[in-house]
Amino acid sequence: MKLLALLLLTLNLNTATPAQLEGLPGIGPVLARRIVEFREKRGGFKRIEELLAIPGISEKKWKALRDQLFIR
C-alpha cells in the first residue's frame, strides 16, 4: 500500500505533461515547457539530476522536487 501511495504522489519525469509538472512546487508554465523540451531533445531523462542542466532549476529547487519525481 505504501508503494501505491508513493506512486500517486510522484510523477514520472519521462511522461509527465506540462500541466502535471506545473503542479509541482516552484514549476510554472515556462519551466514546465523547458523540462518537456529538454526531455524531447535528449530522448528522455536517465537520471533526475539532469534537471540541474535546465535553466531555472537551481540545486535548491531540485532538492525540493527530487522526492516527487521518478524515472521509468
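Author: We begin with the elements: helices (H or I, at least four residues) and strands (E, at least two) are DSSP runs, numbered from the N terminus. The chain has 4 helices and 2 strands, in the order α-β-α-α-α-β from the N terminus on. Thr10 is found in the loop between helix H1 (2-8) and strand E1 (11-12). This is a predicted model, in which local features need pLDDT of at least 70 and side-chain atom pairs count only at pLDDT 80 or more, while totals for chains, interfaces and linings use all residues. Residues are numbered from 1 along each chain as its sequence is written, and side-chain values use heavy atoms, with hydrogens and water left out.

Reader: Is Thr10 buried or exposed?

Author: Buried means under 20% relative accessible area, exposed over 50%, and partly exposed in between (1.4 Å probe, protein chains only). With a relative accessible area of 11%, Thr10 is buried. A contact means heavy atoms within 4.5 Å. Not counting residues up to four places away in sequence, Thr10 touches Asp67, Gln68, Leu69 and Phe70.

Reader: How are burial and contacts read for the chain as a whole?

Author: Of the 72 residues in the chain, 35% are buried. Among contacts between residues at least 6 apart in sequence, 48% join residues at least 24 apart. Accessible areas come from the Shrake-Rupley method with a 1.4 Å probe; for residues, only the protein chains shown count as cover. The chain exposes about 4,800 Å², of which carbon and sulfur atoms supply 58%.

Reader: How does the span of helix H3 agree with its 14 residues?

Author: The expected span of a helix is 1.5 Å times one less than its number of residues. For H3 (residues 29-42) this gives 20 Å, and the end C-alpha atoms are 20 Å apart, which agrees. After H3 comes Gly43, whose phi is positive, near 75°.

Reader: Which residues of H3 are buried?

Author: They are Leu31, Ala32, Ile35, Val36, Phe38 and Arg39. These residues lie on the same side of H3, because they cover an arc of only 160° around the axis; the arc is that of the directions from the helix axis to the C-beta atoms. The buried residues of H3 pack against helix H2 (18-22) and helix H4 (59-65). On the face of H3 turned away from its buried side are the exposed residues Glu40 and Lys41.

Reader: What is the nearest side chain of opposite charge to Arg39?

Author: Side chains of opposite charge can pair when their charged atoms come close. Lys and Arg count as positive and Asp and Glu as negative, whereas His and the chain ends are not counted. A salt bridge is a side-chain nitrogen of Lys or Arg within 4 Å of a carboxyl oxygen of Asp or Glu. Arg39 is buried yet has no salt bridge, and the nearest side chain of opposite charge, Glu40, is 5.2 Å away. Arg39 does touch Leu13, Asn14, Thr15, Ala16, Gly44 and Phe45, not counting residues up to four places away in sequence.

Reader: How many salt bridges does the structure hold?

Author: The structure holds 2. Arg47 pairs with Glu49, the closest N and O atoms being 3.6 Å apart. Arg47 is exposed at 52% relative accessibility, and Glu49 is partly exposed at 35%. Lys63 forms a salt bridge with Glu59, with the closest N and O atoms 3.5 Å apart. Both lie in helix H4, 4 residues apart, about one turn of the helix. Lys63 is partly exposed at 42%, and Glu59 is partly exposed at 48%.
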